[in-house]
Amino acid sequence: MDTVTIVLALSVVAGFLMAFSLGANDVANSMAAAVGSKAITVKQALVIAAILNCIGSIFLGSHVAATIATGIIHPSGIPDQYLLMLGMFAALLSSGLWVLIATFTGLPVSSTHSIVGSIIGLGLVLGGPGVVDWGVMVKIVLAWVLSPFVGAIIAYLVFIHIRHTILYSRHMLRGALKWVPFWLGLTVVLIALSFLFKTPIGKKLDLSWVHGLIIAAVLLAAVMALCYRIFPKIIRFKGDPNQKVEEMFKKMQLCTSCYVALSQGANDVANAIGPVAAIYIIAREGSLINAVDIPVWLLIMGGVAIALGIYALGHKVMDTVGERITKMNNSRGFAVAFGAATTVLMASNFGMPVSTTHATVGSVVGVGLARGFAAVDFRVLGKIVLYWVLTVPIAAFSCIVIYTLLRYIFVS
């Protein structure tokens with residue numbers, strides 16, 4: 001067996017590790033608020049997230065193989081393609097190990113920034129600073145800084161509105177019957193627009209924002225009209241109104257959480273299998289070209305590995321995000337999911353590589369701050385931010401170390 005085949009086989013294993021780590025850590029993005037608010041149990045969350053992430057990875061996963069590799073570094077600046085193969089292998093190992101370490105400590109990190117940091121380290125050691133696309137890096141850092149704040153602001157405003165118009169209303173159920181259809185309609189619009197503008201299937205339709213706004217207006221009006229007709233027949237005014245309102249938000253929260261889990265599998269699977277696909281392309285074609293379809297078996301492998309990671313270790317980070325930063329109930333959990341999903345949708349359409357992890361944590365903090373500074377555990381938040389800051393440099397440095405060892409083993 002030649003060394004190229006050996007490196008390819010080992011890279012598939014490393015890609016599996018990265019996908020496993022991604023699933024274990026990133027499950028908190030979709031299900032933490034639902035678990036923290038007791039909308040579902042931890043076991044239910046793990047099963048739902050595993051299934052939806054797997055479906056999203058296989059059926060909606062990105063089919064452009066070299067995006068991660070060619071979007072951050074310029075492969076043309078690295079003449080030795082075999083060394084680029086070794087480097088991509090090192091990037092997978094370093095990013096996967098860092099995300100796994102963070103998972104065992106129960107802290108959420110961005111798998112996107114982990115793989116980006118690793119590939120930056122790879123670019124620096126293979127071709128120097130000129131190989132790295134620093135314009136892309138500026139976007140990444142900008143998104144890294146902005147996404148938690150945007151998520152926090154949106155979630156804060158959503159929850160403040162819900163509290164003012166429903167939870168603190170003199171007639172809580174009447175307030176809910178008036179405003180829940182609006183928030184449910186916006187949720188449906190958010191999910192629809194995300195699929196139309198973020199997934200490969202939706203992008204094939206090539207819709208403009210004018211079409212998107214028309215679709216959004218029609219959907220919002222249709223959902224609100226349906227709710228105004230059905231809700232009064234379903235909800236009776238007897239019983240605890242607070243419990244009835246929270247039950248309504250529980251169903252909405254579950255809907256939003258399931259969407260985030262499906263979208264997460266579709267978008268984040270590239271972090272794990274993108275470098276594997278790049279290695280596969282080099283092994284097959286002799287060089288890294290700009291765009292090649294990812295083999296279906298790689299999408300399946302990524303989806304299965306993400307699902308296994310979720311089920312095996314997903315509870316650790318989910319506990320931190322869902323319960324340790326601030327206390328959750330269903331209305332707060334809905335505001336968190338809505339804030340995070342809106343932030344990711346906005347950023348993706350501005351071309352900013354946003355982290356779902358950062359947007360989710362920011363949204364949790366925003367909902368907590370709506371109840372005052374004392375409602376947020378800033379010690380836990382400080383540890384999370386520290387891990388965020390360390391992700392890119394640690395991933396880059398560890399990639400350089402691992403690459404140096406691999407080069408000594410395979411080239412010497």
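Me: Is the crossing of helix 1 and helix 4 left-handed or right-handed?

Reply: Good place to start! In this predicted model, the crossing of helix 1 and helix 4 is left-handed.

Me: How should I describe two helices that pack together?

Reply: In general, two packed helices are described by the angle between their axes and the distance between those axes. Here, helix 1 covers residues 3-36 and helix 4 covers residues 81-104; their axes come within 8 Å and cross at roughly 25 degrees. Angles under 35 degrees count as roughly parallel, so helix 1 and helix 4 are roughly parallel to each other.

Me: Which classes of residue make up the contact of helix 1 with helix 4?

Reply: That contact has 20 nonpolar residues and eight polar ones, with no charged residues.

Me: Now for cysteines. What is a disulfide?

Reply: It is a covalent bond between the sulfur atoms of two cysteines. How many turn up in a search of the whole structure? The answer is zero. Take Cys255, which is in no disulfide: the nearest cysteine sulfur belongs to Cys258 and is 7.3 Å away.

Me: Where do Cys255 and Cys227 stand on accessibility?

Reply: Cys255 has 37% relative accessibility and counts as partly exposed. Cys227 is buried, with a relative accessible area of 5%. The cut-off for buried is under 20%.

Me: Could we try a histidine too? Which helix holds His358, and what is His358 in contact with?

Reply: His358 is found in helix 13, residues 356-369. With a relative accessible area of 1%, His358 is buried. Setting aside neighbours within four places in sequence, His358 is in contact with Ser110, His113, Trp144, Ser147, Pro148 and Trp388.

Conventions: Residues are numbered from 1 along each chain as its sequence is written. This is a predicted model: local features need pLDDT of at least 70, side-chain atom pairs count only at pLDDT 80 or more; totals for chains, interfaces and linings use all residues. Side-chain values use heavy atoms; hydrogens and water are left out. A disulfide is a pair of cysteine sulfur atoms within 2.5 Å. Buried means under 20% relative accessible area, exposed over 50%, partly exposed in between (1.4 Å probe, protein chains only). Axes are lines fitted to C-alpha atoms, for helices over the stretch in contact, and angles run from 0 to 180 degrees between N-to-C directions. Helices (H or I, at least four residues) and strands (E, at least two) are DSSP runs, numbered from the N terminus. Angles under 35 degrees count as roughly parallel, over 145 as roughly antiparallel, 65 to 115 as roughly perpendicular and the rest as oblique. A crossing is left-handed if the near helix is turned anticlockwise from the far one by less than a right angle, and right-handed if clockwise. Ala, Val, Leu, Ile, Met, Phe, Trp, Tyr, Cys and Pro count as nonpolar, Asp, Glu, Lys and Arg as charged, and the others, Gly among them, as polar. Contact means heavy atoms within 4.5 Å.
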